[in-house]
Amino acid sequence: MATKIRLQRGGRKGYAFYRIVIADARAPRDGKFTEKIGTYNPNTNPATVDLNFERALYWVEVGAQPTDTVRNILSREGVYMMKHLRGGVKKGAFDEAAAQKKFDAWKADKQNGLNKIAAAETKAKKDAAAAALKAEKAVNEAIAQKVAEKKAAADAARAEEEAAKAAEAAAEAPVEETVEAPAAE
């Protein structure tokens with residue numbers, strides 16, 4: 001019986017969630033399986049993988065064939081690296097402790113790389129937010145300047161109108177006094 005390591009779909013429509021399972025090669029995607037060895041959630045950033053490392057390594061060493069996506073997941077988690085190192089131990093290239101030391105160094109290096117990527121992404125988000133805030137402040141200042149100009153123009157127009165009314169009232173006032181004075185005599 002040929003065994004495969006494959007993804008079994010779950011979750012709702014538009015929000016896939018997968019179980020990593022060991023199944024017969026002839027079984028349908030969501031059909032019967034032999035063992036569940038982990039989960040894969042592609043909806044998070046980065047994708048979340050919860051894997052039983054020892055069981056995955058056992059099944060890979062036994063000869064279970066993973067699908068392309070599962071091969072990438074297992075490779076990222078280090079299952080194939082450990083299989084490679086165990087092959088070196090079997091051939092006598094180095095001992096088990098050296099293999100574990102190499103694996104731990106690889107895992108730490110990989111984690112450092114992931115941390116750098118996460119830090120760069122966080123910095124990029126902060127820079128983008130700061131740039132957006134600066135652009136918004138510039139737009140707000142431009143709007144405030146336009147509003148101040150309109151207000152100043154309105155005040156100037158109102159002052160001009162009041163001056164015109166005052167001049168008109170001043171022009172009318174002396175005429176009325178002269179007209180009234182001769183009539184009073």
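**Notes on a helix pair and a pocket**

1. Start with the packing: F53, E54, A56, L57, V60 and E61 of helix 1 touch V79, Y80, M82, K83 and R86 of helix 3, contact meaning heavy atoms within 4.5 Å. Sorted by class, this contact holds seven nonpolar, no polar and four charged residues. Here Ala, Val, Leu, Ile, Met, Phe, Trp, Tyr, Cys and Pro are nonpolar, Asp, Glu, Lys and Arg charged, and the others, Gly among them, polar.

2. Before going on, bear in mind that this is a predicted model, with local features needing pLDDT of at least 70 and side-chain atom pairs pLDDT 80 or more, while totals for chains, interfaces and linings use all residues. Numbering runs from 1 along each chain as its sequence is written, and side-chain values use heavy atoms, without hydrogens and water.

3. How do the two helices cross? Helix 1 (residues 53-62) and helix 3 (residues 79-91) have axes that come within 10 Å and cross at roughly 60 degrees. Axes are lines fitted to C-alpha atoms over the stretch in contact, with angles from 0 to 180 degrees between N-to-C directions; helices are DSSP runs (H or I, at least four residues) numbered from the N terminus.

4. Now the largest pocket: P46, A47, V49, R76, E77, K107, K110, Q111 and L114 line it. Helix 2 (68-77) and helix 4 (96-184) each give two or more residues, and helix 4 has the largest share, four. A pocket is an open set of 1 Å grid points where a 1.4 Å probe fits, with protein on both sides within 12 Å along at least five of seven lines; lining residues have an atom within 4 Å of a point.
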